[in-house]
Amino acid sequence: MADKNQRQELKKIKKYNLKKYREYNKQMRKKRVPESEYLTKMKNPDNIIEFDNLQSYFYTDVGTVKSVDGVTFDIPRGKTIGVVGESGCGKSVTSLSVMRLLQGPQGQIAGGEIRFNQQSTGRALNLAKVSMKEMEKIRGNEISMIFQEPMTTLNPVFTIGDQLCECISLHNPEMSKKAVEERALETLKMVGIVRDGILKNYPHELSGGMRQRVVIAMALACDPQLVIADEPTTALDVTIQAQILDLLRDLKDKINASIMLITHDLGVVAEMADYVVVMYAGRIVEQGTADDIFHHPAHPYTIGLMKSRPMLNQKVDRLYSIPGNVPNPVNLPEYCYFKNRCDSCVEACSGPYPSLVSLSDTHKVSCHLHQGEAAHKKQTGGKQNA
Amino acid sequence: MRQYIIKRLLICILVLFGVSILLYSIAHMVPGDYVSNITAGNQNITPEMEQRMREAYGLDKGLVEGYFSWLGDALHGDFGTSFVYKQPVVEVIGKYMPATLALAGISMFLELLLAIPLGILAARRQYSVTDYTIVAIAIIGISLPSFFFAAVLKRIFAVGLGILPVSGMVTARVNYTGLALFGDLAKHFILPITVFVITGVGSYLRYVRTNMLEVLSADYVRTARAKGLPERKVIGKHAFRNTLIPIVTLVGGMIPGLFSGAVITESIFALEGLGNVALKAVYAGDIPYLMGFNMFIAALTLIGTLVSDILYAVVDPRVRY
Amino acid sequence: MEDMQTKNQQEQDEFEQNQVILTPGQLVAKRFFRNKLACVGLGIIIVMVLFCAIGPFFSPYGEYEIFYIDNETGKEVRMAEGGVGGSNMGVNVKAPMSSKHWLGTDADGRDVLTRIMYGGRISLTVGIVVVVIELITGVLMGGIAGYYGGAVDMVIMRLVEIFNSIPFIPLMLIIASVMFAAGVLPQYKIYYIMGVMGILYWAGVARLVRGQILSLRELEYMQAAEATGIRTSRKILKHLIPNVMPIIILIATMDMGGVILTESVLSYLGVGIAWPYASWGNMVDVVNQSVILKNYVNIWLPPGICILLTVLAWNFIGDGMRDAFDPRMKR
């Protein structure tokens, strides 16, 4: 009997998914999207990207996976934002959503806005709705991305020169072939590759660190406003990691771009980021300046994360580990997703999912422990204002 | 590179030796009175010819000794005399080769022409109706017995509707020349090529599709998209260049299948090609021709593999010999 | 506070206990049965097997029983009934479909439906026997080549190349003509053909198995197994075989259709199963007589459709298997 119910359930999911796939394909096939559909207004003109209640879902055979469910945060111009969380928490999906690179039709942006402050035209675009044609102009040009695996991100059958020049001439069609090549060499120099004949090399002839530099050069070749670095150092060994991070930091100053740094390495974030967003199971649990997060963590999950990293000046027998596992992404519970792993639960935790509350101007947390605190602050703050 | 080619050529020759040993051993299994049985009642065959045939097969010698005398002749291009055509085997092969090459060549070309774009299309639209339709047609094509499919086509288009000829290469008792002859030939080749292509294209199509799916999920395709390349270029340049690598190996492997297909299709449509002759040779016990035919295919197959191996190095920069 | 935590712990435990954990085999089976086409294929095969295995017991006629007809009365007479020698008696050839002969009779006056059943037995048996032979030889040779490598590998792979460079049907033609010359009796021919096909098909299997073993050897867990210093036999049995199994099962199902198809082609060409024995392939070869091709579709269409359905079914099953084993590469 249960089996029959289950089968019916699966059938229902399949039907629902098919509907979603069709909608998606219809949307994708549309050649022209009227400007009114994607033009929007930035909340704050100093931000380069504003995520507003972003929802990115995957419609799988067993149900809808809400990989990103209502994420809201801003990336200010010229700053570095670190997005941290364990594997599968939705940080990569967030970045792929910005680039509109989710593997469709299973993965789609189901709702919310990604507002992009396009400098070249002075418009604000909603990247979730923008036409593919418009998106192609933005990708690699104004927003570029550095991927995790340097071994596989470069096409093995084209030379470095081919791949790098392709990117430059695509976004600068007026440049001559020679100028493009010069520019390519220039960017390679910027990332520290000075080598004769590098343009004629194939990716397999370079080491991992070199390849990652090429990937970074490719991302920087068109002077982007925002660079998304999705775990740029995870696949590299430690000495190369440090080099690449130094490189990224230097470059940020040089080209005055914002960086969205996605990583599960808290050390990297501490070193690089101005602001930090902590994600758990598709939602933001805490966000704030690096100082807020590292010195005054408020959410039990963040506290757990901080406790679980090795400290030089502290002697512990065992590193702390957060008990339990990430909840099943299909059919997430109504209550706080962290409840079953949390060691400081209160009665309210069995209630609805806690909303994001501000602890200070920059520091926000989504936890029942702080719900009252924030309310209290608001009250006192109100009085002071009066 | 040159060293590699030389090495491969040497291996080819080695394999060809193996093929000839295998074939000769099979042919040597015929019973001793075979030649007299075959020649009985055939006035055209003189006792000397009979003797020569015995010698050619080493039927009066042991396996090893016989093989080497056969091989000596074969190296001089002498594969013996065909019983059916009473001509040297090499000449018979030369005479009937054009029809087979035309049939197999055109079919191979059309198969690739269909398999590559359709395979890519199906991969790009994975799980869509287009994809399911293409794959379903491919599987049905693979499962169709070619002789049965040919019969059905003949029944419908030749016998039933009468718009295409039933069999043969040219219309009998009409002497077309020039363009008219070409048109007539083309008309006779439509059904055979259809059978060939429909029953053959499926496996290549699925191969292209599987490889394309793999390439499409590769990181470098995502990189290409992240660069801002239009989808057309992502598929046409970055993905296609990578699927080209397995496709190149595929082409070399197509050759044996083409000849197997030729035997069936040619015999059904009575096309005068190598395959049809081979089938007649079986009924007539014409072992010299069959040996020559098989050696010819084996050599062609090895050359095909060699060429595709070399092409492999051309399309894939990671491969260096 | 303490309460809360114990409650939490309980919930977590319950959650973990309620998680249904499937073994890899169950997962494969589940994925396989979710594929509709694969299920249809399985259904067709089961029906075909039942039809061919049990069908003849229900058919009142024999495989090569010839029917006669009384030209004066139009009454059909069976061979066993006697009295078929009379001048008014003729062979009941190409009889139309009727309640007595559901699919009519063929050019020699034999019941088509009954022959389809017997022919199916041959086709299905050939498929299974050939696949078993090719698997045994192929897995053994491929396994040896992949496991030992070096000179052994070199020799076996050259052998594989030799077999691969002779196309199957032309080679079969030589063998057929040798069999013809040697005067092999029709009833034994089938065994020869099964044996020869099995031996000729091993090369492809060997290459796949070798490739699989080579890549397995490179994997870390194999090296880990090596590092623990277990016996070779145990390593092969416990670590290699289970990982090669999927590809063996795959080859078995995928090749089944191909073998049946090839057997039918050989029979059609007249170098396979020969008169008076029925096989689906040689039942179709009557299309060479243009009268039958044109007017007696009931004689050649049903066996052809049987081949198509059976091969299609095996291909569907093979496809379903591949999906089930490798969820990454759907279809």
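**Stop 1**

Start by showing the strands of chain A. You'll find an open sheet of four strands, in the order 2-1-4-5, with antiparallel pairing. Now pick out residues 63–76, which are strand 2, and residues 123–126, which are strand 5. These two stand at the edges with a single partner strand each, so one side of each has no neighbour in the sheet. Turn the view along the sheet, too: on average, neighbouring strands are turned by 10 degrees against each other, direction ignored.

**Stop 2: confidence in chain B**

Switch to chain B and colour by pLDDT. The average for this chain is 82, with 89% of the residues scoring at least 70. Where in chain B is confidence lowest? Select residues 34–39: that is helix 2, with a mean of 62. Where pLDDT is low, the predicted coordinates should not be read in detail. At the other end of the scale, helix 9 (residues 219–226) of chain B has the highest confidence, at 90.

**Stop 3: two helices packed together**

Next, select residues 178–216 and 231–268 of chain B, which are helix 8 and helix 10. They pack at an angle of about 155 degrees, with axes 10 Å apart. An angle over 145 counts as roughly antiparallel, and that is therefore how helix 8 and helix 10 of chain B run relative to each other. Their crossing is right-handed.

Show the side chains where they touch. Helix 8 contributes residues including Phe196(B), Tyr204(B) and Tyr207(B), while those from helix 10 include Pro246(B), Ile247(B) and Leu250(B). Look for charges in this contact and you'll find none: its residues divide into 13 nonpolar and seven polar.

**Stop 4: where chain B meets chain C**

Finally, bring chain C into view. The contact takes 47 residues from chain B and 40 residues from chain C. On the chain B side, several helices supply at least two residues each, among them helix 1 (2–27), helix 6 (129–143) and helix 7 (146–160). Helix 8 and helix 10 from the previous stop are on that list as well. Which helix of chain B gives the largest share? Select residues 287–315, helix 12: nine residues of this side come from helix 12. By type, the chain B side divides into 36 nonpolar, nine polar and two charged residues.

How values were computed: Residues are numbered from 1 along each chain as its sequence is written. Chains are lettered from A and ligands numbered from 1 in the order in which they are written. This is a predicted model: local features need pLDDT of at least 70, side-chain atom pairs count only at pLDDT 80 or more; totals for chains, interfaces and linings use all residues. Two strands pair if DSSP finds at least two bridges between them. Axes are lines fitted to C-alpha atoms, for helices over the stretch in contact, and angles run from 0 to 180 degrees between N-to-C directions. pLDDT is the predictor's confidence in each residue, from 0 to 100. Angles under 35 degrees count as roughly parallel, over 145 as roughly antiparallel, 65 to 115 as roughly perpendicular and the rest as oblique. A crossing is left-handed if the near helix is turned anticlockwise from the far one by less than a right angle, and right-handed if clockwise. Two residues are in contact if their C-beta atoms, placed from the backbone, lie within 7 Å. Ala, Val, Leu, Ile, Met, Phe, Trp, Tyr, Cys and Pro count as nonpolar, Asp, Glu, Lys and Arg as charged, and the others, Gly among them, as polar.
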